[in-house]
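Subject: Structure for your review

Dear colleague,

Please find the structure below, handed over for your use. I would be grateful if you could read the notes after it with the coordinates open.

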Amino acid sequence: MTAGRLLGVFLVALAALAIWSAQSLEVPFAADPLGPRAFPSTVALLMGLCGALLLVPRGPAFEMPERKAAPPLLVLVMAAYALLLVPLGFLVATALLAIGVALLFGARPLAAIGTGLITSAVLWALFDRVLDLPLPKGFLGA
Amino acid sequence: MNSLRGRTGETSMQRRALLAATALMPFAARAQGFTPQNPECIAPAAPGGGFDLTCRLTTRMLNETGIVTQPIRTQNMPGGIGAVAINHINAQRRTDANVIVAVSTGSWVNMAQGRFGRFAENDVRWIGAIGADYGVIAVRRDSRFTNLGELMAALRADPASVPMGAGGAVGSQDWHKAALIARAAGADPRRMRYVPFEGGGQSMAALLGGHIQVFPGDASEVRGQFEAGEIRLLAVLSAQRLPGALAQVPTAREQGVEVDWPIVRGFYGPPQMPDAAYNFWVDAIRRLQANPAWPEARSAQGLFEFNLVGAEYAELAKRRTAEFRQLAREVGLVTQTQ
Amino acid sequence: MMETFAALGGGFAVALQPTNLFLALIGCIIGTAIGVLPGIGPLNAIALLLPFCLALKLPPESALILLAAVYYGSGYGGRITAILLNMPGEPSAVLTTLDGHPLAKQGRGGAALAISGIGSFVGATIAVVLMSFLSVPLARVAVAFSPADYVALIAFALSLLGAVGGGSAPKAWAAGCLGILLAMVGIDSGTGVERYTAGSMELLGGLDFTVLAIGLFAIGEILLLIETRIRAEAAKLGHGQRLTFGEILFCLPAMFRATGIGFVIGVLPGAGASVASALSYTAEKRLNENTGKFGQGDMRGVAAPETADNAAQIGNLVPMLSLGIPGSGTTAVLLGALLMYNITPGPLLFEQKPDVAWGLIASMYIGNCMLLLLNLPLVGIFARLLTVPAWVLYPGVLALSFAGVYAASNSAFDLLLAIGFGIMGWAFRKLDVPLVPIILGFVLGRMLEDNLRRAMSLSDGDVMALVASPVSIALWVMTLGALLWPLLARRRAA
């Protein structure tokens with residue numbers, strides 16, 4: 001299956017899901033003539049039609065990355081960051097994130113560690129101190 | 001910076017000692033048993049939202065007056081108009097003594113409609129109210145309605161004949177004002193023509209532009225247009241007339257309509273907040289209300305005096321939520337997740 | 001007229017006081033910085049600054065001068081990351097990526113930054129002049145704009161979606177529809193029911209623009225960059241030819257048109273800078289179909305949306321100052337600031353507090369000059385951002401994006417959501433699905449549905465209400481024209 005077709009299938013399936021979800025809404029009472037279903041259903045239908053047009057095989061194949069492992073690894077690093085931010089605290093988690101991303105971008109280990117530490121400290125100062133938006137302290141603050 | 005902090009700490013200690021000595025505050029002595037550590041105010045909104053200002057401005061006053069000497073930081077926790085915050089409190093900080101959460105009448109409406117998941121009015125400790133804004137019924141200056149009675153008559157005859165609009169969704173606190181008026185007129189709230197707009201500003205524009213006939217807004221947001229003679233206020237939804245520029249506007253009660261709509265802003269704490277801490281915060285709000293600098297700071301937030309703390313505030317929160325639940329059931333607004 | 005000049009003179013007397021000049025400068029700097037920061041917009045910044053103003057006991061006109069400078073200053077900042085990194089910092093900068101980033105890739109990032117700065121200045125300054133003289137009558141006209149008129153206006157803006165795609169029309173339209181559907185997530189304002197929330201409490205209030213934009217653009221871009229070997233050409237970026245005087249002249253007509261579009265749309269309380277920048281970009285693209293190289297780095301494609309953005313921002317202040325009606329969340333907070341100083345916002349402001357109203361307007365003339373002078377020398381420094389090694393730049397950008405999202409929401413859920421959109425943005429880029437229509441659909445979709453349902457509710461379901469006013473009829477004709485134009489053009493070309 002070409003990438004274009006895959007996209008078409010994705011869009012049609014998403015549209016179907018959106019329409020089904022809209023139709024199954026339980027509306028307490030009709031507060032306005034149009035209601036909450038009509039508009040999203042119409043838009044989803046339009047999107048489904050566009051998706052169907054893409055089912056005609058055409059267009060580029062999904063280009064395989066030069067470094068196949070890098071994008072999934074980066075996603076993993078980011079997801080770990082989202083989950084560990086609160087337990088580890090902003091300073092530690094952000095330093096680890098930045099070190100990880102720097103390594104993925106081909107930094108030498110020492111340079112990556114430097115980048116990580118500086119990024120994390122600067123951002124902490126900016127958000128927590130200057131903007132007064134508290135960031136999680138994690139185990140360091142306990 | 002440090003010396004500054006030290007100094008304000010000292011004066012407030014003296015003030016606190018003074019207050020305790022004069023025994024003005026029955027809780028003051030007991031509250032001494034608790035000292036907050038890194039206290040926080042959770043604003044269930046992004047920076048700039050209504051709850052955000054409640055937190056930032058109130059905690060600033062608590063610190064400035066020395067009622068609370070430890071700097072209180074504001075943490076933003078938007079999501080589900082307070083749903084995320086109440087879940088966070090109940091899941092992770094049930095016994096936290098150092099956190100208070102901003103809350104308003106709008107939150108009670110959401111609790112009543114089951115929008116806060118499993119949690120509602122009995123899953124928090126109600127600390128105190130800091131003030132209230134009041135609902136008003138606004139029409140354009142050339143409106144066919146000159147008093148609340150005429151509007152009620154029109155609604156009674158045909159609730160769909162009067163297009164009304166305000167800043168909240170159907171079921172929101174803005175909608176409730178319109179719904180309660182319609183219900184008082186003997187009309188079915190489900191049949192009224194309520195048009196939700198994006199905020200009070202756009203509703204006011206729609207009123208001035210003649211697209212809607214009635215704007216059930218809040219006193220603080222319509223004052224400018226009222227003073228300029230652009231709009232007429234049919235009623236304020238408060239028990240007594242409001243002070244200041246709005247004093248000439250009659251209440252709904254004066255016109256024989258039993259509808260009040262205070263938008264009460266205040267704070268709650270976690271469900272198992274220790275008593276010493278709870279009493280400390282209740283006492284802090286009480287002392288804030290008694291502070292001579294507070295009235296000005298309060299009206300700067302667009303709030304009128306509404307002093308209710310501790311048990312009395314809890315009673316109000318629970319009573320109002322029960323009333324809203326009743327109305328939500330009547331019109332079928334309670335969500336299935338309850 | 002003479003009264004206006006006298007009042008404006010009084011305003012300048014206020015704005016030129018050293019404290020106020022200083023505050024305007026500070027506000028401009030903070031505003032530009034805020035525009036660059038992802039996640040933190042002018043609305044948040046003003047709210048964070050407000051307690052400071054009160055604590056410092058600033059007089060009301062000074063506080064307003066500072067806060068307003070943050071507001072219009074942010075319009076200068078949003079373009080920087082959009083042009084250099086292909087990451088728009090605010091909704092209205094999304095269009096700027098279309099030509100700005102290609103220019104940066106061609107080594108003309110500095111020139112693109114400069115022309116957008118000049119555009120912002122032209123747009124804002126002309127808008128301030130218009131505002132000085134026409135505020136009250138304009139605001140009166142603006143409130144007459146009905147929900148049905150908004151439907152036509154937004155439909156017109158959306159009908160131009162096909163034009164921003166560049167590639168295949170079905171993909172652009174599908175992307176636009178997807179954006180609209182994403183905007184439907186949350187509590188439906190018409191009935192209070194939850195749509196597309198999958199029972200998640202975090203989604204009750206809808207998706208946040210920042211989360212979507214950071215995901216699609218920042219994370220998606222980084223995922224795409226990381227899969228190729230580190231590009232050696234990065235170092236040469238920023239050393240391209242500087243902006244020439246000829247190019248400025250070349251863009252001037254586009255700037256004037258964009259100012260007109262931006263200001264008029266900004267004055268309407270229910271529209272905003274995103275509508276304005278989308279319309280002015282597509283207008284330029286359509287007008288210069290044969291001569292332009294839009295999408296591949298046309299200077300006008302940078303100048304037009306940025307000019308319109310700043311003109312619209314100023315326009316947005318018109319209903320706020322002259323009628324006390326805030327047209328956007330940010331102007332609502334500015335209005336709240338007035339209220340805090342016990343100044344009643346509303347029609348009487350100009351009479352009761354001329355110092356505040358005219359002082360603010362005068363300060364905007366000065367502030368915009370400051371922003372231009374501040375921004376042009378910085379262009380070179382910003383452009384040098386691209387010479388920073390990727391392993392320093394992108395970890396920093398990613399961490400900054402996450403910090404911005406988290407600090408404003410305190411929610412790991414939002415971070416995961418942004419990562420999810422990042423994967424989507426990465427896949428869509430590889431599949432040639434344009435991302436800009438997603439954002440436009442997201443920003444405009446909710447507006448379209450809300451106004452459509454308002455209009456239908458007010459007319460009791462009568463569809464003819466949508467074409468009841470001359471304005472709406474004109475807009476619908478233009479919409480039809482925009483939709484049919486590609487077909488006609490293709491036939492003519494064939």
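This is a predicted model: local features need pLDDT of at least 70, side-chain atom pairs count only at pLDDT 80 or more; totals for chains, interfaces and linings use all residues.

The domain assignment divides chain A into domain 1, covering 3–53, and domain 2, covering 70–140. The centres of domain 1 of chain A and domain 2 of chain A, taken over C-alpha atoms, are separated by 39 Å.

Between chain A and chain C, 65 residues of chain A are in contact with 52 residues of chain C. On the side of chain A that touches chain C, at least two residues each are supplied by helix H1 (3–23), helix H2 (38–53), helix H3 (70–88), helix H4 (90–104) and helix H5 (109–130) of chain A. Of these, H3(A) gives the most, with 11 residues. By class, this side of chain A has 49 nonpolar, 10 polar and six charged residues.

Chain B and its contact with chain C

Chain B also meets chain C: 46 residues of chain B are in contact with 49 residues of chain C. Two or more residues of the side of chain B that touches chain C come from each of helix H3 (50–64), strand S2 (73–76), H4, strand S6 (194–196), helix H8 (199–208) and helix H9 (219–227) of chain B. The largest share, six residues, is that of H8(B). The residues on this side of chain B divide into 20 nonpolar, 17 polar and nine charged.

A covered helix in chain B

Helix H5 of chain B, residues 105–112, is mostly covered, and eight of its eight residues are buried. The buried residues of H5(B) are Thr105(B), Gly106(B), Ser107(B), Trp108(B), Val109(B), Asn110(B), Met111(B) and Ala112(B). Their cover includes helix H4 (83–92), strand S3 (99–104), helix H7 (173–184), strand S9 (262–269) and helix H12 (310–331) of chain B. Just after H5(B), Gly114(B) has a positive phi of about 70 degrees.

A helix pair in chain C

Within chain C, helix H10 (residues 245–267) and helix H12 (residues 299–323) pack with their axes 6 Å apart and at an angle of about 30 degrees. Because angles under 35 degrees count as roughly parallel, H10(C) is described as roughly parallel to H12(C). The crossing of H10(C) and H12(C) is right-handed. In the contact of H10(C) with H12(C), the residues comprise 18 nonpolar, seven polar and three charged.

Two backbone details in chain C

Which phi values of chain C deserve attention? Tyr196(C), although not a glycine, has a positive phi of about 55 degrees. Tyr196(C) lies in the loop between strand S2 (194–195) and helix H9 (209–226) of chain C. With 21 C-beta neighbours inside 10 Å, Tyr196(C) counts as buried, because the cut-off is 20 or more.

Asn410(C) is not a glycine either, and its phi is positive at about 50 degrees. Its place is in the loop between helix H16 (390–409) and helix H17 (412–430) of chain C. Asn410(C) has 25 other C-beta atoms within 10 Å and is therefore buried.

With kind regards

Conventions:
Residues are numbered from 1 along each chain as its sequence is written. Chains are lettered from A and ligands numbered from 1 in the order in which they are written. Axes are lines fitted to C-alpha atoms, for helices over the stretch in contact, and angles run from 0 to 180 degrees between N-to-C directions. Helices (H or I, at least four residues) and strands (E, at least two) are DSSP runs, numbered from the N terminus. Angles under 35 degrees count as roughly parallel, over 145 as roughly antiparallel, 65 to 115 as roughly perpendicular and the rest as oblique. A crossing is left-handed if the near helix is turned anticlockwise from the far one by less than a right angle, and right-handed if clockwise. Ala, Val, Leu, Ile, Met, Phe, Trp, Tyr, Cys and Pro count as nonpolar, Asp, Glu, Lys and Arg as charged, and the others, Gly among them, as polar. Domain bounds come from an automatic or database domain assignment. Two residues are in contact if their C-beta atoms, placed from the backbone, lie within 7 Å. A residue is buried if 20 or more other C-beta atoms lie within 10 Å of its own, exposed if 12 or fewer, and partly exposed in between; C-beta atoms are placed from the backbone.
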